[in-house]
Amino acid sequence: MSKSLNLYVGTIAGVGLMLVAAYNFADRNVADFPDNPQMLGELPAPIPEPEAPVKTAAAPEALDGGIIGAAHADNGDTKGLRFGLGRGALPEEIAAWNLDVSPDGTGLPAGSGNAFDGEAIFEEQCAVCHGSFAEGVGNWPKLAGGDGTLADEDPLKTVGSYWPYTSTVWDYVHRSMPFGNAQSLSVDDTYAIVAYILYSNDIIDDEFELNQDTLPEVVLPNADGFIVDDRAETEYSKWRTEPCMENCKDGPVEITMRATVLDVTPEEAVEEPAATDPAPEPAAAVDPAPEPAAEPAADPAAAPAATGAPDPELVAAGEKVFNKCKACHQIGDGAKDRVGPQLNGIVGREIGSVEGFKYSNTMGSMGGAWDAETLAAFLADPRGTVKGTKMAFAGLRKDSDVEALIAYLSSFSQ
Amino acid sequence: MSKETKGTSRRQFLTRAAALGAGAVAATGARAAGPDPLITEVQDWASGFGHGVDEVPYGLPIKFEDDVIRRNVEWLTADTISSINFTPIHALDGTITPQGCAFERHHSGAIELSKPDFRLMINGLVDQPLVFTYDDLERFPREQHVYFCECAANTGMEWAGAQLNGAQFTHGMIHNMEYTGVPLRTLLAEAGLDAAGDLKDKWVYVEGADASSNGRSIPMEKAMDDVLVAFKANGEALRKEHGYPVRLVVPGWEGNMWVKWLRRVEVMDGPVESREETSKYTDTLADGTSRKWTWVMDAKSVVTSPSPQAPIKHGHGPVVITGMAWSGHGKITRVDVSKDGGMTWETARLASEGQDKALTRFYLDTTWEGEEWLLQSRAIDETGYVQPTKAQLRDVRGLNSIYHNNCIQTWHVKANGEAENVEVS
């Protein structure tokens, strides 16, 4: 942390000057103002001076006793420059937002779950993107596997193979998942889901009770696989040298690889130059760049339907429900196929009819059109209704959600 | 905005460039075949009216520039909701990136958070946990700085080999704006840091209001130094996609830490080790161990023109090579350019003196007679750090680091003026 200390000196001086200038225009009534403006070199600091080695070199020199403000005074006056702005945060407010969890378990709420229970919850909440066995669907992250691949050409980084701390998994699932419906999981469900992910990676067994006490004790396989940034030693020392200006390479310079060979650049952006020389082996796509996949052609943009306008309130409610679908389906202007097909005009559309989308065999050969009735049945129980459907979503439990969602879907025509 | 009304299409440009590049026209002393009707005839615009004021209350670029836009590489990510696009750096000059074409990176989409709905909480090891409204923030003394913001993954697709054909795609996860905001240390002091004790080993955890809960841990030393809680960029409010109404600015450090829609700063006695600082934004080395806390963006540069999306479209003779350079360690002091793949170098002209942790524009005013170039640029910063080659980086890190690829980029400029992303020996 202290390797680049000296770089900040100039900034601090400049900042100090600006602080002074700004201070003079600020609301003086709420802060102690120095008795003698000539002495602004000792402008009370907003912060105590951190102890060495932090910042000891940073105090700027006063120029001719002029108006140069020290951003950090030496007197350790922690009351310093306060403005009396803001208000005290209430305990309930802090509790609502202060959710982060640290590796030692700090921040974990009381609760518990195991992988056995977690499997069903994972299936309902996570499998649609992450696969039933946490193996990932399409481009969505794989959460399991990849053991021992980190030194390979194309490492598979999962919770089991890469993540250093169990706390991070819990924290992320709890605050950021499911995608499009974050912060909807209960504490116990979160424990259960995390237990299932750990179980999928053969880290705990399916009866292991994951709770606020046991979770920090679950050590992930790659916990010791990280080192703190060592560029200062391994790189900077080598590259802070006088650069060569002439005859800098041994042999003649030759082209060893060409981007046009891979042909993965979005087309409208670049006219294709005629590549003449054959190039050596193409580069592998790098994470976060998975295999370039052929994108199905986008359907023409759909406009909201004007026919038999559905109840706006119901549509609005349906839009919220659609958050559960968003991870895989698009609807509206410019909607494209993702994990699932685009849904413009789905109400009234022939079943399994989006050109270029790979449906399950069942869905592809069903025939007929989606109407409110068939959609309602499918949305309530996708896999019970269409055996073998690729849609991993468990279904909507509430009839009111189904009704609202259909109203929302029907507000987008083809 | 119809294409018919565009002066000249890109394709026409390129076709013409190819013809010119073949040496059909000498660059100097070109003679007109006849009088130019654009000069000899009275044009509509010289006779009638243009638009009155208020035609467009908030202006967009003229239609002739409608290809200067952010672009996405669809196969990169599973969904645009959690994805990135790229600044059209090949078409820009100067150093300030217009907000409207500055790259976007979201983890859960760009949310609409109004100023009245904005709250910023300071909690943790502070004397008095506080909540600020947007209006509160505007009452603290402000600062103004220009800083670059570069995603740690910029150029990340090029680790294993030349892959994307355009500076926009290889180097476009960057923007450079003039920010107005309140130093984070001012807000921390307002809450009081006595409770934190010795600040040396303390951290702040910063978090956004969107559904991704993107959060990062920042060592206190940096938090007290130059981190800014910003609400204006390039003179106007932040754009939604850049964190309106308030984002964090962490000068010189990777873009992921510049938390958007900032809602909370917690003073802590250790790092949270959140998802974005463990499973992502860590750099795996050849032996499988990974670096963490690689926050600083090292010195880097790229020639933006000529480049694959900005070929040489004129004949032989004078040509301006331009590009940009930046360093998370401080100021750029020098940029060298090579036309022969790094065998010989000449020092470019900096458009203005380098600024701390901000983009610097460089020019090399030169001539081109249709010879092939292997065009490179090499940035040097005030610490003496010299931008490394791809080979140098790979020697230390292998091919799987993903992040922090600040290698020297090579464009192969061909006889017809077109350019391609290549790697050289």
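This is a chat about a predicted model with a chain A and a chain B.

Student: Where do we start? How many residues of each chain are in contact?
Tutor: In this predicted model, 102 residues of chain A are in contact with 113 residues of chain B.

Student: Which elements of chain A give residues to that side?
Tutor: Those giving two or more residues include helix H1 (9–25), helix H5 (166–176), strand S4 (226–228) and helix H7 (231–239) of chain A. H1(A) provides the largest share, 7 residues.

Student: And how do the residues on that side of chain A divide into nonpolar, polar and charged?
Tutor: There are 58 nonpolar, 22 polar and 22 charged residues on the side of chain A that touches chain B.

Student: Which strand of chain B is joined to S4(A)?
Tutor: Strand S15 (residues 290–292) of chain B. S4(A) and S15(B) run parallel, with 3 bridges between them. In one of the pairs, A:Val228 has B:Lys292 as its bridge partner.

Student: What is the strand order in that open sheet?
Tutor: The order is S4(A)-S15(B)-S14(B), and the pairing is mixed. S4 of chain A and S14 of chain B stand at the edges with a single partner strand each, so one side of each has no neighbour in the sheet.

Student: How do S14(B) and S15(B) run, parallel or antiparallel?
Tutor: Antiparallel, joined by 2 bridges. B:Thr284 sits opposite B:Ser290 in S15(B).

Student: Switching to chain B as a whole. How many helices and strands?
Tutor: Chain B has 7 helices and 24 strands. Its radius of gyration is 24 Å, close to the 22 Å that the globule rule gives for 425 residues, so chain B is as compact as a globular protein of that length. The C-alpha atoms of chain B fill a box of roughly 80 × 60 × 40 Å along the principal axes.

Student: What percentage of chain B is buried?
Tutor: Buried residues make up 60% of its 425 residues. As for contacts in chain B between residues at least 6 apart in sequence, 73% join residues at least 24 apart.

Student: Which domains is chain B divided into?
Tutor: Domain 1 covers 99–163 + 174–288, and domain 2 covers 300–422. Their centres, taken over C-alpha atoms, are 30 Å apart. Domain 1 gives 20 residues to the contact and domain 2 gives 19.

Student: Which elements of domain 1 give two or more residues there?
Tutor: Strand S6 (143–150) and strand S14 (283–284) of chain B. S6(B) gives the most, with 3 residues. That side of domain 1 has 13 nonpolar, 5 polar and 2 charged residues.

Student: Now the inside. Which residues touch the most other members of the largest nonpolar core?
Tutor: That core has 123 residues, and the ones touching the most other members are B:Leu188, B:Val204, B:Val229, B:Leu248 and B:Val249. Leaving out residues up to four places away in sequence, B:Leu248 touches B:Val206, B:Val227, B:Val229, B:Trp258, B:Val259 and B:Leu262.

Student: What about the second, separate core?
Tutor: It has 43 residues, including A:Tyr191, A:Ile197, A:Leu198 and A:Phe393.

Student: Is S8(B) enclosed or open, and why?
Tutor: Strand S8 (residues 203–208) of chain B is largely enclosed by the rest of the structure, because 6 of its 6 residues are buried. B:Trp203, B:Tyr205 and B:Glu207 point one way, while B:Val204, B:Val206 and B:Gly208 point the other way.

Student: Which strands does S8(B) pair with?
Tutor: One is strand S13 (residues 262–268) of chain B, antiparallel over 6 bridges. There, B:Tyr205 stands opposite B:Glu266. Another is strand S9 (residues 215–219) of chain B, also antiparallel, over 5 bridges. In S9(B), B:Arg216 is the bridge partner of B:Val206.

Student: How many residues lie between S8(B) and S9(B) in the hairpin?
Tutor: There are 6 residues between them, and B:Ser213 in the turn has a positive phi of about 50°.

Student: Last one, back to chain A. What do the buried residues of H13(A) pack against?
Tutor: They pack against helix H9 (312–321) and helix H11 (372–380) of chain A. Among the buried residues of helix H13 (residues 399–409) are A:Val402, A:Leu405, A:Ile406 and A:Leu409.

Key. Residues are numbered from 1 along each chain as its sequence is written. Chains are lettered from A and ligands numbered from 1 in the order in which they are written. This is a predicted model: local features need pLDDT of at least 70, side-chain atom pairs count only at pLDDT 80 or more; totals for chains, interfaces and linings use all residues. Two residues are in contact if their C-beta atoms, placed from the backbone, lie within 7 Å. Helices (H or I, at least four residues) and strands (E, at least two) are DSSP runs, numbered from the N terminus. Ala, Val, Leu, Ile, Met, Phe, Trp, Tyr, Cys and Pro count as nonpolar, Asp, Glu, Lys and Arg as charged, and the others, Gly among them, as polar. Two strands pair if DSSP finds at least two bridges between them. The radius of gyration is taken over C-alpha atoms; the globule rule is 2.2 Å times the number of residues to the power 0.38. A residue is buried if 20 or more other C-beta atoms lie within 10 Å of its own, exposed if 12 or fewer, and partly exposed in between; C-beta atoms are placed from the backbone. Domain bounds come from an automatic or database domain assignment. A nonpolar core is a set of buried Ala, Val, Leu, Ile, Met, Phe, Trp, Tyr and Cys residues joined through C-beta atoms within 7 Å.
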